[in-house]
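Please take a moment to look over the sequence and the structure below, and keep them in view while reading the paragraphs that follow.

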Amino acid sequence: MITIQNTPVRWQDGRFAPAGNPRGGEGTIARSILMAHNTSDEPGRLALRFDAMASHDITYVGIIQTARASGMRSFPLPYVLTNCHNSLCAVGGTINEDDHVFGLSAAKKYGGEFVPAHQAVIHSYMRERYAAPGKMILGSDSHTRYGSYGCMGIGEGGPELARQLLSKTYDIAWPKIIAVYLTGTPRPGVGPHDVALALVGATFKDGTVKNAVLEFFGPGVAGLSMDYRSGIDVMTTETTCLSSVWQTDEQTKTALALLGRVDGYRELAPAEGACYDGLVTVELDKVEPMIALPFHPSNAYPIREFKANLSDLLHQVDKDAAEQLGVKSVPSLLRKAIGGKFRVDQGVIAGCSGGTFQNLKRAAEILKDCSTGHDAFWLSCYPGSMPINLELTRNGSIAQLMEAGASIRSCFCGPCFGAGDVPSNGAFSIRHNTRNFPNREGSKPGNGQISYVALMDARSIAATARMGGILTGADELPDVPADRPDEHWVYDDHPYQARVYFGVGHPQPEEDLVFGPNIADWPEQIPLPENLLLTVCSAIYDPVTTTDELIPSGETSSYRSNPLLLSEFALSRKDPQYVPRAKAVQVAERLRRTDPTAPGVKRALGHFDPVRTGLGSLIMALKPGDGSAREQAASCQRVLGGCANIAEEYATKRYRSNVVNWGMLPFVAADLKQLDLQPGDQVYLPGIRALLEGDGETITAAVLRSGRETPVTLSLPGLTREERDIILAGCLINYYAD
């Protein structure tokens, strides 16, 4: 089904041959796009400028505030502000709509594009309006992926978008470029999420494509519609790759013509002799309907295999739930397996991956003249944009879904991050959306709640709904319709023309920004002291720590325009004592800066020099930062006085960038389990400022525990000169202000 080759290959005469050196991706589609956007002359480094950017309503306020504080006067490139996350305006009184009003005022003042709530999911909108062959788009959402249109999308934390707004560049080392070679044609009942989950399952755990660019081509591409390609492409984020791009063809050209943008079409294909750092081969005809069990998209199995091994696999989910969520006496999922069949409580088809025209049309066809049943199971469907919704309404698909008992919702990302369709306690939900991390569905384990999300394709979700909630792969139905590669939909942008504010290139500096009472400036951050004494305020020994665990999604999203208030939620579902521990250290540090001789400072610092040694907190996690691009996973640590993270490795480049941009030290250390750091331990960093002022990458620190000092070597591999200067300044805002 999927095979992986981790050695360089060359594409020659319609086949792959071993290559001694990938030569920087010579001849690849990705290289041609990267070089067209590169402004750096430094070998092995890229300094990229993007063609457009996009943010949604839980990120754009902070980005604009950061850029504004750093001197921005207008948006120097097309910047789209969508409102697809806090669309319901359901938490915190007026604060969600206050953010939307701020966003509109910013689009007017600085010259941007504002998409009101319920009009479109961010990535559906960018596919329809901006993605085109050879372009690059930066987004403050991790699923910024438009590769199916030959457009490289990169999802990053807010500070990287702020840099573009300040006419700076996106600076990275030259990435690996991995060929993803598609062969065959998917069988009826096998959808894009099935292919995507198989790909994620094959690549994530070993880090096969981490921080690489995936380049999709091969004879299998021609058999996939644009919606199908996009459904696979958007999930490449879960492999932890940097970006993705696909070859383009007549299907791409037709799709752009229907979107009114055929002039943007370019044929893209790898050149003869194109060199790749590795190869992933996907035999589409061998992919089966898949299910990704809690609590990660990579925990993927064919539905056939899951049903054949219910007892073992459900027992493992029970074990993972107890270990990762810390909930005692979790009701076993085995109670839902009766007579070899597994009963599901809820189905959701939504968002940038699920809410496409083709997915919802297939679901409607599968459910035609059927019923979802009168028992506990229920199904909700969220079209990705108003044009998609309009076309599905006109062709009768929405009516078919409604007649079957499905609930039709607005264009909203909510179920993907726990702000909509939160299941009941102990319930099991199957979803065609992007993630199924712990708590991602909105439950609160700290309050004794737990529910489960498994990822499946819309076709198998519809098949399960047709069976009244008995888990069923779409290929088990006798009459499942096939997907056609030429299945395009009629795009009508009247909803956008009626509601979207189109202000790109037309700033109105006389306009005032409209601030709601929850919108606050970033608190002041101090430059890096000469020495640091850091207190471990949380130690996480899970194999991977997601950004959802560092700062929960769901209701907390409503407070992301208020850094101080949001920081109260940091690690709240993973380590509820983190915030009070960090605050205690922060109080001592503030006292030190006011009165270094105060008794409280002496107690906190011991024998260390109170004038030259700063106090701060740190988080230790083995592999932090998987998942969302949200900068708040790092900024909340900083707002609470955080100065460093220590990890064996960082799960994603974007999280490490967030750590740096917020002025924190991204330490790496080997054998952290043996070091056994625990909350309350302290780490002394002598001469840390001098280290960053120079070019050193390692420091001999001391771990202070129970009156003893243990030396430990901490590393800062790959810090650029600019990254060092950002940390020295205290954060990106300070750096630009200087």
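In this predicted model, the largest cavity is lined by 26 residues, and H56, H85, D141, H143 and R440 are the ones that lie nearest its centre. Among the elements, α4 (122-129), α11 (351-354) and α15 (414-417) each give two or more residues to that lining, and the largest share, 3 residues, comes from α11. Sorted by class, the lining has 9 nonpolar, 12 polar and 5 charged residues. The volume of this cavity is about 240 Å³, and the count of cavities of 30 Å³ or more comes to 9.

Because F428 lies in strand β23 (residues 428-432) and Y452 in strand β24 (residues 452-455), the pair ties together parts that are 24 residues apart in sequence. Both of these residues, F428 and Y452, are buried. Another pair, W522 with W662, is tilted, with 4.4 Å from centre to centre and 50° between the planes. Here W522 lies in the loop between β25 (501-502) and β26 (531-540), while W662 lies in the loop between α23 and β31, so this pair ties together parts that are 140 residues apart in sequence. W522 and W662 are buried as well.

Finally, helix α26 (residues 721-729) has E723, R724, I726, I727, L728 and A729 as its buried residues, and these pack against α5, α23, β31, α25 and α27. After the helix comes G730, whose phi is positive, near 110°.

Terms used:
Residues are numbered from 1 along each chain as its sequence is written. This is a predicted model: local features need pLDDT of at least 70, side-chain atom pairs count only at pLDDT 80 or more; totals for chains, interfaces and linings use all residues. Side-chain values use heavy atoms; hydrogens and water are left out. Buried means under 20% relative accessible area, exposed over 50%, partly exposed in between (1.4 Å probe, protein chains only). Helices (H or I, at least four residues) and strands (E, at least two) are DSSP runs, numbered from the N terminus. Contact means heavy atoms within 4.5 Å. On a 1 Å grid over the protein atoms alone, a cavity is a set of points where a 1.4 Å probe fits but cannot get out, and a pocket is an open set with protein on both sides within 12 Å along at least five of seven lines; lining residues have an atom within 4 Å of a point. Grid points are joined across faces, edges and corners, and a volume is the space filled by probe spheres set on the points. Ala, Val, Leu, Ile, Met, Phe, Trp, Tyr, Cys and Pro count as nonpolar, Asp, Glu, Lys and Arg as charged, and the others, Gly among them, as polar. Rings of Phe, Tyr and Trp (its six-membered ring) pair if their centres lie within 6.5 Å; planes under 30 degrees apart count as stacked, over 60 as edge-to-face and the rest as tilted.
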